[in-house]
Amino acid sequence: MMKKPREFYDKVFELLKTHQLWFQRTIPLVASENVPSPAVREALISDFGNRYAEGWPGERVYAGCKYIDQVELLCIDLTKKLFNAEFADVRPVSGVTANLAMYTAFTEPNDRMLALSIPCGGHISMGKKRFSGTAGSVHGLRVEYFPYDYDELNIDVDATKKLVKDMKGENDPPRLAMFGSSVFPFPHPVKDLAETFHDVDAKINYDAAHVAGLIAGGKFQNPLREGADSVTLSTHKTLPGPQHGAILSWDRYADQIKKGVFPGISSNHHLHALAGFAVAMCEMLEFGEKYTEQIIRNARSLGQALFERGFKVLAEKKNFTESHVILVDITEFGHGGELEKELEKASIILNRNLLPWDIKQGRHYWNPGGIRIGTPEVTRLGMGKSEMEQIAEFIKRIVIDKESPEKVEEDVQSFRKEFQKVHYCFENSTQAYEYMKLR
Ligand SMILES: *Cc1c(COP(=O)(O)O)cnc(C)c1O
């Protein structure tokens, strides 16, 4: 018999609740995720989420925006302050759309752009048309790859200088250089390459989706001060806000960026998330330095602890990472795809990930040679060095010792019990993954 609407309705809530109960027991290590504070969650369920505010504060296309305008102006000011930026547009609803707005602001279709390839950490939003990447397929950019140094896990500066020179020689220089990536252990050489790009009249955008929180905390590079013309970001990775996006830049580019965002890529701009973003900015201004310092310390501790247990953590000679993320070559023990699944059975949540040389060696995205591990969320839950060692031990028991994930999960659950609150925020009386019923 057909189920009644009410049964589906109940099912949705049952699944939502079960998910949250599960996350109370998991070790969340996805590098692009975080858990927002209860304050941010409160903003997310506000009526702001039901409104439109097309345009700029004070120049809206809609009525009913008088309080929304105040929050958006606050959000802009807080963002400019936190990132020490002349100009901020806080309307992009995500990092991808922030990048798309910058393509509109700085380039014409068919222009050449340099970005990292996906195996070297590049993101779909900077990808070629052939792979349905946003830059190629939506804005028609011709995307070419930065030369990459496998040992340093970074952009190769000398080879990039030569490439740009060659492109200039062809009378077809790049119009945009897209720095930043999704596997971002070390700062990118913006400073070393700023002149190279500006000399051929190319703009520089730095995609800080992953590292925005670290930049805000003063613990990573500062791309605007190193020569970037703009910075795009997600607000929910190392920045512990709701899912949203933003653009930072200089006043001289304000007009073209504003148009790129609206009407370029948005109608409503998710005002509930914008309010949550403003709240997260306040938390970062107060607690950001300590929080981000601990994220990086934890990433290094976890790298070291895994390395000591027999894992091939990349960039060992450089202390594994200067950010929130480490990359592990797990080809000795299996494929990234199957290990990701085994770990998930033990409620350890992380990503499989391509290693820079995987495609050349015949591996692919479903079964890559690496796993990517990030520490923003476990740090937010109050974990430190000794917890990183325990996490490394859990991972070892599954990946190397081949213990049954069900057995390891029992220990994961009891380990996880005492980490139920969000730290580095003003108020945390509600638990991190507590299910909130309004009905
Ligand atoms: C995550 C990410 C983005 C944007 O992601 P959204 O989900 O759209 O916020 C953009 N660039 C890079 C490098 C990323 O890792």
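A residue is taken as buried when its relative accessible area is under 20%. By this criterion, both Arg352 and Glu340 are buried in the predicted model. Their side chains meet in a salt bridge with an N to O distance of 2.9 Å. This pair joins distant parts of the chain, since Arg352 belongs to strand 16 (residues 351-353) and Glu340 to helix 12 (residues 336-345), 12 residues apart.

The structure contains 27 salt bridges in total. Another of these connects Arg60 and Asp69, whose closest N and O atoms are 2.6 Å apart; both Arg60 and Asp69 are buried. A further salt bridge is formed by Arg112 and Asp172, with 3.5 Å between the closest N and O atoms. Here too distant parts of the chain are linked: Arg112 lies in strand 5 (residues 112-115), whereas Asp172 occupies the loop between helix 6 (157-169) and strand 9 (176-179), 60 residues apart. Arg112 has a relative accessible area of 9% and therefore counts as buried. Arg112 and Asp172 also take part in a network of salt bridges that includes Arg142, Glu144 and Glu170.

The largest nonpolar core comprises 81 residues, and Phe83, Met113, Phe179, Phe197 and Tyr206 have the most contacts inside it. Helix 11 (residues 271-308) gives the most to this core, contributing eight residues. A second, separate core consists of 41 residues, among them Phe311, Val328, Ala346 and Met388. When residues up to four places away in sequence are not counted, Phe197 touches Leu114, Phe146, Thr160, Val164, Pro174, Ala177, Phe179, Ala202 and Ile204.

Helix 4 (residues 95-106) has 12 residues and spans 16 Å from its first C-alpha to its last, close to the 16 Å expected at 1.5 Å a residue. The buried residues of helix 4 are Gly95, Thr97, Ala98, Asn99, Leu100, Ala101, Met102, Tyr103, Ala105 and Phe106.

Tyr62 is located in the loop between strand 3 (59-60) and helix 3 (66-83). The relative accessibility of Tyr62 is 38%, so this residue counts as partly exposed.

How values were computed:
Residues numbered from 1 in each chain as written. Predicted model: local features only at pLDDT ≥ 70, side-chain atom pairs only at ≥ 80, totals over all residues. Heavy atoms only, no water. Core = buried A, V, L, I, M, F, W, Y, C linked by side-chain atoms within 4.5 Å. Buried < 20%, exposed > 50% of the residue type's maximum accessible area, 1.4 Å probe, protein only. Helix = DSSP H or I, 4+ residues; strand = E, 2+ residues; numbered from the N terminus. Contact = heavy atoms within 4.5 Å. Expected span 1.5 Å × (residues − 1). Salt bridge = Lys/Arg side-chain N within 4 Å of Asp/Glu carboxyl O.
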